[in-house]
Structure formats: C-alpha cells, structure tokens
Amino acid sequence: MIRELAPAKINLVLRIGPRAPNGLHEVCSLFASLELADEVELEPAAEDSLECDGVEGPNLASAAVERLRQFAPSLPPLRVKITKRIPVAAGLAGGSADAAAVMRAANSFHELPFDDDQLREIAAPLGSDVPSQIAPAHAVITGTGEQVARVELPEMAVVLVLAELGVSTGDVFHKAEQMGLPRRVLEPADLHALAAQPLNVIAARLENDLQPATLRLRPAVAKTIEALLGGGALGAQVSGSGPTVFGLFPDHDSAEQAAARIPGGLVTMVAKR
C-alpha cells in the first residue's frame, strides 16, 4: 500500500484570462500550499474501486486513474481510499489534490514511472488545479495550470472560514464570463517578485478575479471577509472560486484567537515545502 498526502491550497493571487483551445481558461496565480491535507491510500486489487466518504457522484480521483492508464496500459487494477479533511466544493482544490495524489501513487506501480513533468502533461486535461498538485509546493501557475514554477513564501498562519452553502467552480466561471471578468492578457512576472516579499506586503496585495462572481452568487461571503479583517487579519479574500474565505495572520496564536470569534473558523499553516 502507498500513502500520499493531498494538501489544500489557497490562491493569494488569481488572475483569469480567456479560454484556451483546450476549453479551460488561462490562469496566472500565486498560491500557497497548506498543512491541511487529505490522505490517499492506494494498492493493487482484483478490480478498480474508490472509497471516499463525503463525496457523492463522479470523483476526479477515478478519472485520474483512467487518464494515467491511457499512457500506462500495464497499470494493475487499484483500490483507492481517500480520507477527507479538506472541505468539499470549497475553493481549496481538495478534489484536484486528491486526483494528483492518486496519480502520484499509481505512477509507482507503472513499469517505467513518469517524471513530474510528464505527469503534469498527462494530468492537464483533468483540470487547471491538478498539474500543480503533482508535486505539492508553493508556486506561480500559468497556462491553463500546467506551467508550474516553484517559489518560496514567508511563514504565515491561515484562518479558513467555510460557507454553509457551497458553489460549483463551473457556476462561478460562468458568472465571471457574464460579468466580463476574464482579462485579455495575463502577466506573471510580478508574482515571482511578490512571493519574495514579507507577509504584510503579500497580504496587502491579495487579488482574485473570481471573487466578484462568487460574491454575486453568495453575497453573505462578503460579511465573512469583513469579519476576518475586523478580527485582525492582515488580508482576506475568497480562495479560488470559493465560497471559502481565508485570512492571513502572522502566527498561529493570533489566528487561533481570530478563529475562536468566527463561526466555522479553521486554523492551518502555510506548509514548509
């Protein structure tokens, strides 16, 4: 049996561009990998199976196995078990992280394992967040998610506040298109420089092109952002397509104090990767 962690991530900066020929939107993002993570277990079996409590319907992890098998026909049937700790449909890329972790683990059973760049190329059609999770790290992401450049980030604590009602990524992107939010041109150069700045500078420059669309669909999320800022967060915004909101804090203690005053607040740290 192989065990892999599938860490959540937050988008410190998320810029959305036009649709690419593959149907996905171009993106330009600086994201932080978190200590909060699902656990994936995988082992050969008589037939493929997937156990993932709390997730109903099609699972991206199954699609990851099927996708990898197109390039590795000798891959044996696999039993996959996912223990969820990352909230579902929350804008934290939990499903994408699970799919990438399954692909990493399954790759170990391939006669000639693929390297990370090859796995990212294979994973690209699964969604823009999957390639970047093949080797979890803080990163600047470009293209439609397949171009990954690792960066270092300063230490920071994160308070995540979950919404009572989730929202699908597809609905948010559709609303963003209706609102004319995607940009014509994306430029990532400043994001590499931003990653090297102190936490207070990063927090002051949080950016999410999808946030207006998420707020249009879930207006109550705006009050959560206000609550985090009022609780001492250096910066706060929607993560990805949401509806989870995150606030950045200088240390775990200040994050714990803020989370205790906000219903649903969950404290984690930006991972040391």
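This is a predicted model: local features need pLDDT of at least 70, side-chain atom pairs count only at pLDDT 80 or more; totals for chains, interfaces and linings use all residues.
Strand E10 comprises residues 245-249. It is joined to E9 by 4 bridges, and the two strands run antiparallel. Within this pairing, valine 238 stands opposite valine 245 of E10. E9 and E10 form a hairpin, with 6 residues between them. Glycine 240 lies in the turn and has a positive phi of about 55 degrees. E10 also pairs with E7, again in the antiparallel sense, over 5 bridges. Here the bridge partner of valine 158 is leucine 248 in E10.

Burial of E10 was examined next. Of its 5 residues, 5 are buried, so the strand is largely enclosed by the rest of the structure. Val245, Gly247 and Phe249 point one way from E10. Phe246 and Leu248 point the other way. Both sets are buried.

Contacts involving aromatic rings were also searched. The structure holds 0 aromatic pairs. A charge does sit over a ring, however: lysine 9 lies over the face of phenylalanine 31, at 5.6 Å from the ring centre.

Across the whole structure, the search finds 14 salt bridges. One of them joins aspartate 38 and lysine 84, with the closest N and O atoms 2.6 Å apart. This pair links distant parts of the chain, 46 residues apart. Aspartate 38 belongs to strand E2 (residues 25-44). Lysine 84 lies in the loop between strand E4 (78-83) and helix H2 (94-107). The two partners fall into separate accessibility classes. Aspartate 38 is buried, because its relative accessible area is 0%, under the 20% limit. Lysine 84 is partly exposed, with a relative accessible area of 22%.

A second salt bridge is formed by the side chains of arginine 120 and aspartate 117, at 2.8 Å from N to O. Both residues lie in helix H3 (residues 116-123). They are 3 residues apart, about one turn of the helix. Arginine 120 is buried, with a relative accessible area of 12%. Aspartate 117 counts as exposed, because its relative accessibility of 55% is over the 50% limit.

Arginine 120 also features in the surroundings of glutamate 146. Leaving aside neighbours within four places in sequence, glutamate 146 is in contact with Arg120, Ala124 and Pro131. Glutamate 146 lies in the loop between strand E5 (139-142) and strand E6 (147-150). This glutamate is partly exposed, with a relative accessible area of 31%. The C-alpha atoms of glutamate 146 and aspartate 129 are separated by 8.3 Å. Along the chain, these two residues are 17 residues apart.

In a further salt bridge, the side chains of arginine 205 and aspartate 190 meet at 3.6 Å, N to O. Arginine 205 lies in the loop between helix H6 (199-204) and strand E8 (207-208), and aspartate 190 in helix H5 (residues 189-195), so the pair ties together parts that are 15 residues apart in sequence. Arginine 205 is partly exposed, with a relative accessible area of 37%. Aspartate 190 is also partly exposed, at 27% relative accessibility. Both residues take part in one network of salt bridges that share partners. This network joins Arg15, Arg183, Asp190, Arg205, Glu207 and Asp209.

Technical notes
Residues are numbered from 1 along each chain as its sequence is written. Side-chain values use heavy atoms; hydrogens and water are left out. Two strands pair if DSSP finds at least two bridges between them. Rings of Phe, Tyr and Trp (its six-membered ring) pair if their centres lie within 6.5 Å; planes under 30 degrees apart count as stacked, over 60 as edge-to-face and the rest as tilted. A charge sits over a ring if NZ of Lys or CZ of Arg is within 6 Å of the ring centre and within 35 degrees of the ring normal. A salt bridge is a side-chain nitrogen of Lys or Arg within 4 Å of a carboxyl oxygen of Asp or Glu. Buried means under 20% relative accessible area, exposed over 50%, partly exposed in between (1.4 Å probe, protein chains only). Contact means heavy atoms within 4.5 Å.
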